[in-house]
Amino acid sequence: METEEAVLALAALSQSTRLEAFRTLVRHEPDGLAAGDLARQLEVPPNTLSAHLSILTRARLVTSERHSRSIVYRANLAEFRDVAVFLLRDCCGGRPEVCEPVVDSLRACCTPKRKGRVRA
């Protein structure tokens, strides 16, 4: 990832409505949300949300797909991962001990839960 791409993504997330829209779309992965449903959940007028989604789309953090009469938006988790990895690699400057606490905190909150075994 280039610096300009990271700046664009971070700038897109630096506004509260856009950040909340992105967080909401992440919670609705992998199905995504129709624009109208997202506007209702965020209590934002559809035209305002459209402008915010346009910025998130230009930053490649959100994708959209037309389904009949509605547009379904999804979080682009691969791009989000690239931004996070860019920050970690760039800020750590090749010194993993600097970022180790951050990585450890991610493991603590993001470790998949194991499904219990079903006994027959």
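Which residue takes a positive phi near 60° in the hairpin of β2 and β3? The residue is S68, and the hairpin has two residues between the strands. Some notes on the model follow.

1. **Ground rules.** This is a predicted model, where local features need pLDDT of at least 70, side-chain atom pairs count only at pLDDT 80 or more, and totals for chains, interfaces and linings use all residues. Residues are numbered from 1 along each chain as its sequence is written, and side-chain values use heavy atoms, with hydrogens and water left out.

2. **The sheet.** Three strands form an open sheet in the order β1-β3-β2, and the pairing is antiparallel. The edges belong to β1 and β2, each with a single partner strand, so one side of each has no neighbour in the sheet. Strands here are DSSP runs (E, at least two residues), and helices are too (H or I, at least four), numbered from the N terminus. Two strands pair if DSSP finds at least two bridges between them.

3. **The bridges.** Strand β2 (residues 62-67) is joined to β3 by six bridges. Strand β1 (residues 33-34) is joined to β3 (residues 70-75) by two bridges. There, L33 has Y73 of β3 as its bridge partner. In a regular strand, side chains alternate between the two faces of the sheet.

4. **Two packed helices.** Such a pair is described by the angle between the axes and the distance between the axes. Helix α3 (residues 35-42) packs on helix α4 (residues 46-58) at an angle of about 105°, with the axes 10 Å apart. Axes are lines fitted to C-alpha atoms over the stretch in contact, and angles run from 0 to 180 degrees between N-to-C directions. The two helices are therefore roughly perpendicular (65 to 115 degrees).

5. **What touches.** From α3 come A35, L38, A39 and L42; from α4 come P46, L49 and L53. Contact means heavy atoms within 4.5 Å. The residues divide into seven nonpolar, no polar and no charged. Nonpolar covers Ala, Val, Leu, Ile, Met, Phe, Trp, Tyr, Cys and Pro; charged covers Asp, Glu, Lys and Arg; the others, Gly among them, are polar.

6. **E79.** This residue lies in helix α5 (residues 77-92). E79 is buried, at 6% relative accessible area (buried is under 20%, exposed over 50%, partly exposed in between, with a 1.4 Å probe and protein chains only). Neighbours within four places in sequence aside, E79 contacts M1, A59, R60 and L61.

7. **V98.** Look for V98 in helix α6 (residues 96-110). V98 is partly exposed, at 38% relative accessible area. V98 and L88 are 10 residues apart in sequence and 9.2 Å apart in space, C-alpha to C-alpha.

Technical notes:
Parallel < 35°, antiparallel > 145°, perpendicular 65-115°, else oblique.
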